[in-house]
Amino acid sequence: MSFVSYQFILFLAGLILLYYVLPRKVQWMLLLAGSLTFYAFSGPKYLIYMAVTILTTYGATMGIEKVWGRQDAWVKEHKGISREEKKAYKAGMTRKAKLILVLCLLVNLGILAVIKYTDFLLENLNGIFGTEFELHHFILPLGISFYMFQSLGYVIDVYRRKYPAERNLAKVALFTSFFPQVIQGPISRFDDLSKGLFAEHKFDSKNFYYGLLRVCWGFFKKLVIADRLAPVIVTLTADTDKYPGVYVLATIFFYAVQLYADFTGGIDITIGVARMLGIPVAENFQRPYFSKNIAEYWRRWHITMGTWFKDYIFYPVSVSGWMLKISKKSREKLGPALGKRIPVYLSTIIVWFATGIWHGAAWNFIVWGMLNCLVLLVSQELAPLYKKFHDHCGFSNTAFWNGVQIVRTFWLMGLIRILDVYRNVPLTFRMVGSMFTTPNWGAVSDGSFLELGASLADFIVVGIGFLVIFVVSFLAERKPIEERLDTKPVFVHYFLLWILILAIVVFGAYGIGFDATQFIYNQF
């Protein structure tokens, strides 16, 4: 069941009605039933994968909690023992807890690896060694990467004793399957999401209004902008020989707009639906196209994914025993200045390789991750030189230079992201090279762009929609939109809501002749 479907609207309306009519103590149970029903629409058999994650998550956290409880009780009972005895006992209990954690990780990540990466591995083996392994063509269950990472983060947090394990299996199931975010995130933390998820909520007109406004804003981005540009991207990539040069530049721009409208639109719907239910969900974007460098961009784009990789991969790897040994040897062999950088480089490379392979089992995603890593590390190393240059020239804090940095970062990220569009590494580099070898600038003025699957009216609608998003983002960069609206009369609120609804109904790409596409991040 897609967010952009009549079935979802009917499902949501019925769920919200029951949610506020039924006794509040059963609200979370209704959400669990609704979430499992919602997910079952993607195929009842895929509930098996989710059930495995739920059961292993629950079993692991309860097992780890039991280990820590036994440790605390033993330490309390043996206050007179020596420090060495206490340390030895704790080390033994830590090994038991870690074994449970590792088994849970192996089961879940093993399932994800088999489904998502088996064919990728077999294809490469066939290509390198000339073998003829048969491909399995597994169908990736909806949102498995998102709900699995969210659940594993919870298991790791319990292992780290950040908070106690949830003893109610049904509540763990709801945390894993909460329907607004199961499709494409955000990747929530248990201690944050559970506060609202399991609480009792009375109807709040302000929350409901802002939630509905956010949902409509998401539909506007998705249906008016992203889905109108989708046919253009398909055309530009279906016959690459026909669309070199300036078309590649256009593809970079169009895909940047489409992806942003599609992904943030879906997240807006997620956050809006959750807020209508009284449940706060973490923000996943902070206007990333206003970033002045790639590091800032990744602090603003897909925030929950970035923090997940940082907290559960980067930090553990960078302070692991084997990494500390590498750090020590690097300092001895290469000197303190360079030696201390080696662990940071290695940890960053591992994180970005994982980020790339998480996005998809293909070399284009791996190369995409490594290019992001390269630019980040080079920028980090050259930061002192940049500062000296800017201080010498005296224009580092001017509006003009900030604008130059924003435009530069937008096109740099778009250029790297083009690997996601063409899905083939050699082809991508060939198409980028064609911007210099066969620029074909005449296509801009001879009407060729009107033969890409979108009419002039479509481009005008997209252009106006993009301008609206830019203005709203520009205003929000200085003061949150909700704070701005709180000072306005009630009629302004409803006027904005009805304008959004009218724009979706009149300009949205749906109905006869249109096919509302799935969200781009569903595939991950």
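Reader: Over which ring does the charged end of Arg-478 sit?
Author: The model is predicted, and the distance is computed from its atoms. The charged end of Arg-478 lies 3.8 Å from a ring centre, and a charge counts as over a ring within 6 Å of the centre and within 35 degrees of the ring normal. The ring is that of Phe-474.

Reader: Which residue lies over the face of Trp-358?
Author: The distance to the ring centre here is 5.6 Å. The residue over the face of Trp-358 is Lys-116.

Reader: How many aromatic pairs does the whole structure hold, and are the planes of Phe-38 and Phe-179 stacked or tilted?
Author: A search of the whole structure gives 56 aromatic pairs.

Reader: Why do the rings of Phe-149 and Trp-308 count as stacked?
Author: Their centres are 4.3 Å apart. Phe-149 is in helix 5 (residues 144-159) and Trp-308 in helix 11 (residues 303-318), 159 residues apart, and both are buried. The pair counts as stacked because the planes stand at 25 degrees, and the cut-off is under 30 degrees.

Reader: What covers the buried residues of helix 2?
Author: Helix 2 has 14 residues and reaches 20 Å from its first C-alpha to its last. Its buried residues include Trp-28, Leu-31, Ser-35 and Phe-38. Their cover includes helix 1 (6-21), helix 3 (47-77), helix 5, helix 6 and helix 7.

Reader: Where does helix 16 bend?
Author: Helix 16 (residues 399-422) spans 35 Å from its first C-alpha to its last, close to the expected 34 Å. After the helix comes Arg-423, with a positive phi near 60 degrees. The bend in helix 16 is about 35 degrees, and it is at Ile-416.

Reader: Which residue forms a salt bridge with Lys-221, and is that residue buried or exposed?
Author: The structure holds 16 salt bridges. In this one, the closest N and O atoms are 2.8 Å apart. Lys-221 lies in helix 8 (residues 205-238) and its partner in helix 9 (residues 246-276), so the bridge ties together parts 47 residues apart in sequence. The partner is Asp-268, and Asp-268 is buried.

Reader: Which residue meets Glu-482 in a salt bridge?
Author: Glu-482 is partly exposed at 26% relative accessible area. Its partner, in helix 9, is 207 residues away from Glu-482 in helix 19 (residues 481-486). The N to O distance is 2.6 Å, and the partner is Arg-275.

Technical notes: Residues numbered from 1 in each chain as written. Predicted model: local features only at pLDDT ≥ 70, side-chain atom pairs only at ≥ 80, totals over all residues. Heavy atoms only, no water. Helix = DSSP H or I, 4+ residues; strand = E, 2+ residues; numbered from the N terminus. Expected span 1.5 Å × (residues − 1). Bend = angle between axes of the 7 residues up to and from the residue. Phe/Tyr/Trp six-rings, centres within 6.5 Å; stacked < 30°, edge-to-face > 60°. Buried < 20%, exposed > 50% of the residue type's maximum accessible area, 1.4 Å probe, protein only. Contact = heavy atoms within 4.5 Å. Salt bridge = Lys/Arg side-chain N within 4 Å of Asp/Glu carboxyl O.
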